[in-house]
Amino acid sequence: MAGFDCCSIFNYLIIYRHKPIALNESSFELNGQASSANGQSGEQEEPLSSEKKKSVEFLSNQYDQVLKELDQIKAEIKEVSKKYTEISNVIAAIEDYSFNYNVKIVGMPVVSEYEKADETVEICIHLFTALGVKDISPYDIDIAHRVPTRRNFPNKPNPIICKFTRRISKEKVMAA
């Protein structure tokens, strides 16, 4: 091939890769030179040497292996994503179920700065009694505590979460 082989063309392209206009012009020039060289010599392309064949075969095998590993990774990601979705759904269902026992009370004044759970339970019972629910006792409440809000308003007390031991007790309070 009159002085042109793959390496020299590759080196030529590397040198001029930062010059796109020159590269386009040079590619036309190279194509012309290569076709005229092939036409003048009348030679056909020489077969690949055994070393080059081995290199191409090796690269082809490596490429196929990378594709197989990529497919395996995609399958694993899909499986992990599916499990993540299932776990998220289960967690959401558990949270929803646990909220069946909770009541959020907003606007109740704070008894003391360091209000204990027993004091918060008593506040809830007094509120429920004032609402007309007579048969609620401290045994119907698992725990009651204040929860901080995302935005800390200095004039507003933190809401109370009252968790009942039975849903029936919560339903009595919610019906009032």
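A residue is called buried when its relative accessible area is under 20%, exposed when it is over 50%, and partly exposed in between (1.4 Å probe, protein chains only). Helices (H or I, at least four residues) and strands (E, at least two) are DSSP runs, numbered from the N terminus. The model is predicted: local features need pLDDT of at least 70, side-chain atom pairs count only at pLDDT 80 or more, and totals for chains, interfaces and linings use all residues. Residues are numbered from 1 along each chain as its sequence is written, and side-chain values use heavy atoms, with hydrogens and water left out.

Confidence was examined through pLDDT, the predictor's confidence in each residue, from 0 to 100. The protein chain has a mean pLDDT of 79, and 74% of its residues reach 70 or more. Among its elements, strand S3 has the highest mean, 93. Helix H1 (residues 6-15) has the lowest, 50. The pLDDT is below 50 over residues 13-24. Beyond near neighbours in sequence, that stretch has two contacts in the model, a contact being heavy atoms within 4.5 Å.

Helix H5 spans residues 167-175. Its buried residues are Ser 169, Lys 170 and Val 173. These cover an arc of only 100 degrees around the axis, so they lie on the same side of H5. The arc is taken from the directions that run from the helix axis to the C-beta atoms. Ile 168, Glu 171 and Ala 175 are exposed, on the face turned away from the buried side. The buried residues of H5 pack against three elements: strand S1 (102-105), helix H4 (117-130) and strand S3 (160-164).

The interior was described next. A nonpolar core is a set of buried Ala, Val, Leu, Ile, Met, Phe, Trp, Tyr and Cys residues joined through side-chain atoms within 4.5 Å. The largest such core has 16 residues. Ile 105, Cys 124, Phe 128, Ile 141 and Cys 162 touch the most other members. Two or more residues come from each of S1, H4, strand S2 (141-146) and S3. H4 gives the largest share, five residues. Phe 128 shows how far such contacts reach. Leaving aside neighbours within four places in sequence, Phe 128 is in contact with Ile 105, Val 133, Ile 136, Ile 141, Cys 162, Phe 164 and Val 173. Val 173 is one of the buried residues of H5.

A disulfide is a covalent bond between the sulfur atoms of two cysteines. Here it is counted when a pair of cysteine sulfur atoms lies within 2.5 Å. The count comes to zero. Cys 124 is in no disulfide, and the nearest cysteine sulfur, that of Cys 162, is 4.0 Å away. That distance is too far for a bond. Cys 124 is buried at 1% relative accessibility, and Cys 162 is buried at 0%.

Charged pairs were then counted. Side chains of opposite charge can pair when their charged atoms come close. A salt bridge is a side-chain nitrogen of Lys or Arg within 4 Å of a carboxyl oxygen of Asp or Glu. By this rule there are four salt bridges. One joins Glu 79 and Lys 83, at 3.5 Å from N to O. These residues are four apart in helix H3 (residues 50-98), so about one helical turn separates them. Glu 79 is partly exposed at 45%, as is Lys 83 at 46%.

Another salt bridge joins Lys 172 and Asp 135, at 2.9 Å from N to O. Lys 172 lies in H5 and Asp 135 in the loop between H4 and S2, so the pair ties together parts that are 37 residues apart in sequence. Lys 172 is partly exposed at 32% relative accessibility, and Asp 135 is partly exposed at 48%. Asp 140 forms a salt bridge with Arg 166, with the closest N and O atoms 3.2 Å apart. Asp 140 lies in the loop between H4 and S2 and Arg 166 in the loop between S3 and H5, so this pair ties together parts that are 26 residues apart in sequence. Asp 140 is buried, with a relative accessible area of 8%, whereas Arg 166 is partly exposed at 41%.

Lys 163 is placed in strand S3. Lys 163 is partly exposed, with a relative accessible area of 32%. Not counting residues up to four places away in sequence, Lys 163 touches Tyr 101, Asn 102, Ile 141, Asp 142 and Ile 143. Lys 163 and Phe 99 are 64 residues apart in sequence, with 8.4 Å between their C-alpha atoms.
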